[in-house]
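Visitor: I have a structure open and a few questions about how its parts pack. Can we go through it?
Guide: Go ahead.

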Amino acid sequence: MSQAVPRRARSAEAKQQRERAILDAARSLGGERSVREVTLTDIAAAVGMHKSAMLRYFETREQIFLALTAEGWRDWSRDVRTRLGEVEDIGPGPVAAVLAETLVVRPFFCDLLAQAPLNLERNVSPDAAVAFKKAALAEVDAVRTVLCELLAITEEQAVDVVATATGMAGALHQMAAPGTGLRSLYETHPELSHALVDVGPRLVRVLSALLTGMRTGTRATATHPHM
């Protein structure tokens, strides 16, 4: 009986290492291409496994990328909260810049943000979907708390800010089509210049306007509570 525990521990550790290898391979492939182009066969080949063997660790390719999306939320949330704690001139502009900049430097996460509601969440088991949502919402709550403290906006408004920032980052990243033939096409045809999306500046403008409007509205309500 004394030998069974070490064997189980080694087995659990080996399983975690294999899951990590699968996630790292999917991250690498997704960063090189778009997430939607990476197949389960691609990931299996990168790890050196047969596709059927992968199913012992993840139920679908979507679950693999959904797990990476949850990791992306945790990483982004931690960075945002750290950066916001270092901002000296607190206001809509600087806060919007932090939210935008921390998303733009994470193109893979932006890609995942767009893919998650479109297909990743829809092709996993209910348990996997719930686990992902709980992980993501925990990070939304963490960022919300900081935004409420810094800008004196309501909890609902802060959640709207996070949803707008991440939702638009995902959508704008798709529109920008970085590193694709479509992007090159836009760049070589002046008449299509309006289709060239510069994600960072646009996201800053939208979030600055949103936060300014929220703070103005909150102050007006506080001054005239029966309006």
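Visitor: Is Phe109 buried or exposed?
Guide: Phe109 is buried, with a relative accessible area of 4%. Buried means under 20% relative accessible area, exposed over 50%, and partly exposed in between, with a 1.4 Å probe and protein chains only. A word on the source: this is a predicted model, where local features need pLDDT of at least 70, side-chain atom pairs count only at pLDDT 80 or more, and totals for chains, interfaces and linings use all residues. Residues are numbered from 1 along each chain as its sequence is written, and side-chain values use heavy atoms, with hydrogens and water left out.

Visitor: How many aromatic pairs are there?
Guide: Two. Rings of Phe, Tyr and Trp (its six-membered ring) pair if their centres lie within 6.5 Å; planes under 30 degrees apart count as stacked, over 60 as edge-to-face and the rest as tilted. Trp73 and Trp76 are edge-to-face, with ring centres 5.8 Å apart and planes at 80°.

Visitor: Where do Trp73 and Trp76 lie?
Guide: Both are in helix α4 (residues 61-86), three residues apart, about one turn of the helix. Helices are DSSP runs of H or I with at least four residues, numbered from the N terminus. Trp73 is buried at 8%, and Trp76 is buried at 0%.

Visitor: And what about Trp73 with Phe109?
Guide: That pair is also edge-to-face, 5.8 Å centre to centre with 85° between the planes. Trp73 is in α4 and Phe109 in α6, so the pair ties together parts 36 residues apart in sequence. Trp73, Trp76 and Phe109 form one aromatic cluster.

Visitor: Switching to Arg106: what does it contact?
Guide: Leaving aside neighbours within four places in sequence, Arg106 is in contact (heavy atoms within 4.5 Å) with Asp75, Trp76 and Asp79. Arg106 sits in the loop between α5 (92-104) and α6, and is buried at 14% relative accessibility.

Visitor: At what angle do α6 and α8 pack?
Guide: Helix α6 (residues 107-120) and helix α8 (residues 155-176) pack at about 100°, with axes 8 Å apart. Axes are lines fitted to C-alpha atoms over the stretch in contact, and angles run from 0 to 180 degrees between N-to-C directions. That makes α6 roughly perpendicular to α8, a label for angles of 65 to 115 degrees.

Visitor: Which residues of α6 and α8 make the contact?
Guide: From α6, Pro107, Cys110, Asp111, Leu113, Ala114 and Gln115; from α8, Thr166, Ala169, Gly170, His173 and Gln174.

Conventions. Helices (H or I, at least four residues) and strands (E, at least two) are DSSP runs, numbered from the N terminus. Angles under 35 degrees count as roughly parallel, over 145 as roughly antiparallel, 65 to 115 as roughly perpendicular and the rest as oblique.
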